[in-house]
Amino acid sequence: MSYSCTSIGNSQDPSSAKKSAASNPASCGGGGGDTGGASSNISTTSSNAPGGGPASPNPKPTAAMKVKKGCNSTDVGVPVTTEEELLANTIITPEDVLGLQKITENYLCGPDENVYSIDFTRFKIRDMETATVLFEITKPPNTDKDGGKKDIDPNAGRFVRYQFTPAFLRLRQVGATVEFTVGDKPIENFRMIERHYFREKLLKSFDFEFGFCMPSSKNTCEHIYEFPPLSEEIMREMILHPYETQSDSFYFVDNKLVMHNKADYSYSGTP
């Protein structure tokens, strides 16, 4: 199973990745100029108590989440890597995926690598200027009440197809809210690297630090993206060639890849 969302959608300036690296050659965490950026807030609640309430009288308060802006990794000294090389590795690190120069054809890890039982259950995008909710998708509950074994796609839920209108390409600030749960293990140093491509050209690379997640908790965070304007030429090409804009989302715990999700995008839909 895969998800399909129809609404108005987002993009990044194809020149921004290189500009970001040039403005801060020592680190991917820098910003400045017209590179676009992101900031986030995260809240956590324990699900140990009945009804998903706090497990103790002193629940963990809402805290700011560290965020690092994306940059062009090859401009900051990260070695270029290939999908074939990474598939041969027993452990894949953030530096490995930052060296990729095009979208992957395969998933770089299997579902069994998610030993922390991280499960993304809701995703929402809103226009920050108008506070308009552009779309919201919720993972459907498990309706298999028979408990019988079925042939299930091991990659179910790892791919999302977005159908957007051209209007989204002109949005300047977008908030993306994600809700996820974790299993009975605490998660240290939870990190996501998200890389967007049009055809085989890197558009933007985002790097987010989620930090620590309590065991058996539900977590909600919102990333605030500020996008630079796209050129008329690149917008026209992205509209004329649906689903050739693609993204890889890599999730790491303690610098080890544990999840890999993929998406593609159409900007030719109607309102």
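Glu 84 sits in helix α2, which spans residues 83–87 (helices being DSSP runs of H or I with at least four residues, strands runs of E with at least two, both numbered from the N terminus). This is a predicted model, in which local features need pLDDT of at least 70 and side-chain atom pairs count only at pLDDT 80 or more, while totals for chains, interfaces and linings use all residues. Residues are numbered from 1 along each chain as its sequence is written, and side-chain values use heavy atoms, with hydrogens and water left out.

**Salt bridges**

- The structure holds 11 salt bridges (a side-chain nitrogen of Lys or Arg within 4 Å of a carboxyl oxygen of Asp or Glu).
- One of them joins the side chains of Asp 264 and Arg 161 at 2.7 Å, N to O; because Asp 264 belongs to strand β13 (residues 256–266) and Arg 161 to strand β7 (residues 159–163), the pair ties together parts that are 103 residues apart in sequence.
- Asp 264 is buried at 5% relative accessibility, whereas Arg 161 is partly exposed at 30% (buried means under 20% relative accessible area, exposed over 50%, partly exposed in between, with a 1.4 Å probe and protein chains only).
- Asp 207 and Arg 191 meet through their side chains in a salt bridge of 2.6 Å, N to O, and this pair links strand β10 (residues 201–213) with strand β9 (residues 187–198).

- Ser 247, in strand β12 (residues 245–253), is buried with a relative accessible area of 2%.
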